[in-house]
Amino acid sequence: MNNTPEVKIGIVAVSRDCFPESLSVNRRKALVEAYKAKYDASEIYECPVCIVESEIHMVQALEDIRKAGCNALCVYLGNFGPEISETLLAKHFDGPKMFVAAAEESGDNLCQGRGDAYCGMLNASYNLALRNIKAYIPEYPVGDAEDCADMIHEFVPIARAVAALSELKIISFGPRPLNFLACNAPIKQLYNLGVEIEENSELDLFEAFNKHAGDERIPGIVKEMEEELGAGNKKPEILSKLAQYELTLKDWVQEHKGYRKYVAIAGKCWPAFQTQFGFVPCYVNSRLTAQGIPVSCEVDIYGALSEYIGTVISQDTVTLLDINNTVPKDMYEADIKGKFDYTLKDTFMGFHCGNTASGKLAFCEMKYQMIMARALPIEVTQGTLEGDIKPGSITFYRLQSTADNKLRAYIAQGEVLPVATRSFGSIGVFAIPEMGRFYRHVLIEKNYPHHGAVAFGNYGKALFEVFKYIGVDVEEIGYNQPKSVRYKTENPFA
């Protein structure tokens, strides 16, 4: 299943009629050439129909980029630009859009060759606000052809995520486990974002699972699992049930996605799941997530949404982890201090029972869920994929609706350290600069649940822009602030 969109950005140059149109024409051509020389040419489309100077031109350009199959828009101010026509273009284009502007080329041509797009961008932003139009404007939105090409390329994952949300359905199987209010949040913000949700009972899922008993596709999935697990296949007796469950979820997605193109799943895994299904779904969740269909644990709907956003931005497998436990002092002293530039409070352990894909683990084995097995027979808790998470850069993040229905988010970049965890589950030793303060003044102060999504790489810049674009107030996007920047709730005398 292709579960993320491809982006094709229509580049439309605009011109104010009292400026030379040739400035916009030539600068647009140079921009497109610069992009194709450095990036994937299929990501952009150069609108050749006209330079937009009027409302009629705007309609012509709009029709052209729609016909070309563009699902994102770049309005390029080759000169000052027509503030009405250019913002009407953004208004009537149904998809993510950005604005960039041309810098002046030469000190020897500042009369007939001066475009004043630096000035025009101010009026463009003002008019976008007057019309209540959301648009991405880069940090410094004025540059030469190469600069603007880089800006458009940075817009690609942002546009991909924004476009994907408008076609996303989250399928959940609930309700959330007893005594687990942490993942309970109003779903109205999903609708505000354009996301659909289908909430089902786990009894519906159990019925569908039973109907897949003896499915002729099960042996093929078992073979895939055996090849993936290799020497880590420590519970071969459970693979056929896990394969049956995987097919159940995949068929449910195909039968229930309706008119939506993309899907994420918020799944159930306890307390009755083990005793009725006879296993835990962790390994299957990891496999689907690796296949581009994120599955969150414990019916965490906003966790699934967060995972999906990270999948679309990174074009890679993500995971969902508990911000779980501290690193013991003796372990810090032996394995981290003096070897890595982190304090004890910068470190913590991210953990979940066994839902992280094998490709993101340094090693893996199929095991049983140790916590659940303290109160249940071991044989019904089998199905976890356990191992230490691979070292490398990460982004820990989450998009959340508050209890009073406001969107809130956090982003923190750091790394997984090459330190043995000495523990169980899908787990890693994480280090995030100033994590202790971030933990207290963002995670606790802003009432976030313990689940966080993890993207493997540094994607904070794109995530921040996506969260802004979809309507999260910048004051509600928390991050791990450096020592020099005090949190509003931080005691200045501490």
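**Exercise 1.** Which residues of helix 16 are buried?

*Solution.* The model is a predicted one.
Step 1: take helix 16 as residues 460-469.
Step 2: keep the residues with under 20% relative accessible area. These are Gly460, Ala462, Leu463, Glu465, Val466, Phe467 and Tyr469.
Step 3: draw the conclusion. Seven of the ten residues are buried, so helix 16 is largely enclosed by the rest of the structure.

**Exercise 2.** State which elements the buried residues of helix 16 pack against, and what follows the helix.

*Solution.* Step 1: list the helices in contact, which are helix 5 (145-165) and helix 12 (301-314).
Step 1: look just after helix 16, where Gly471 has a positive phi of about 115°.

**Exercise 3.** Describe the span 351-476.

*Solution.* Step 1: consult the record. An unreviewed UniProt entry annotates residues 351-476 as "domain: L-fucose isomerase C-terminal".
Step 1: read off the composition of residues 351-476, which is 19% helix and 35% strand.
Step 2: take the end C-alpha atoms of the span; they are 26 Å apart.

**Exercise 4.** How many cavities of 30 Å³ or more does the structure hold, and which residues line the largest cavity?

*Solution.* Step 1: count the cavities; there is one of 30 Å³ or more.
Step 1: give the volume of the largest cavity, about 50 Å³.
Step 2: name its lining, made up of Cys269, Trp270, Cys282, Asn285, Cys297, Glu298, His352, Cys353 and Met372.
Step 3: sort the lining residues by type, which gives six nonpolar, two polar and one charged.

Notes:
Residues numbered from 1 in each chain as written. Predicted model: local features only at pLDDT ≥ 70, side-chain atom pairs only at ≥ 80, totals over all residues. Heavy atoms only, no water. 1 Å grid on protein atoms, 1.4 Å probe; cavity = no way out; pocket = protein on both sides within 12 Å on 5 of 7 lines; lining within 4 Å. Points joined across faces, edges and corners; volume = space filled by probe spheres on them. Nonpolar A, V, L, I, M, F, W, Y, C, P; charged D, E, K, R; others polar. UniProt positions renumbered as here; feature names shortened; annotations may be inferred. Helix = DSSP H or I, 4+ residues; strand = E, 2+ residues; numbered from the N terminus. Buried < 20%, exposed > 50% of the residue type's maximum accessible area, 1.4 Å probe, protein only. Contact = heavy atoms within 4.5 Å.
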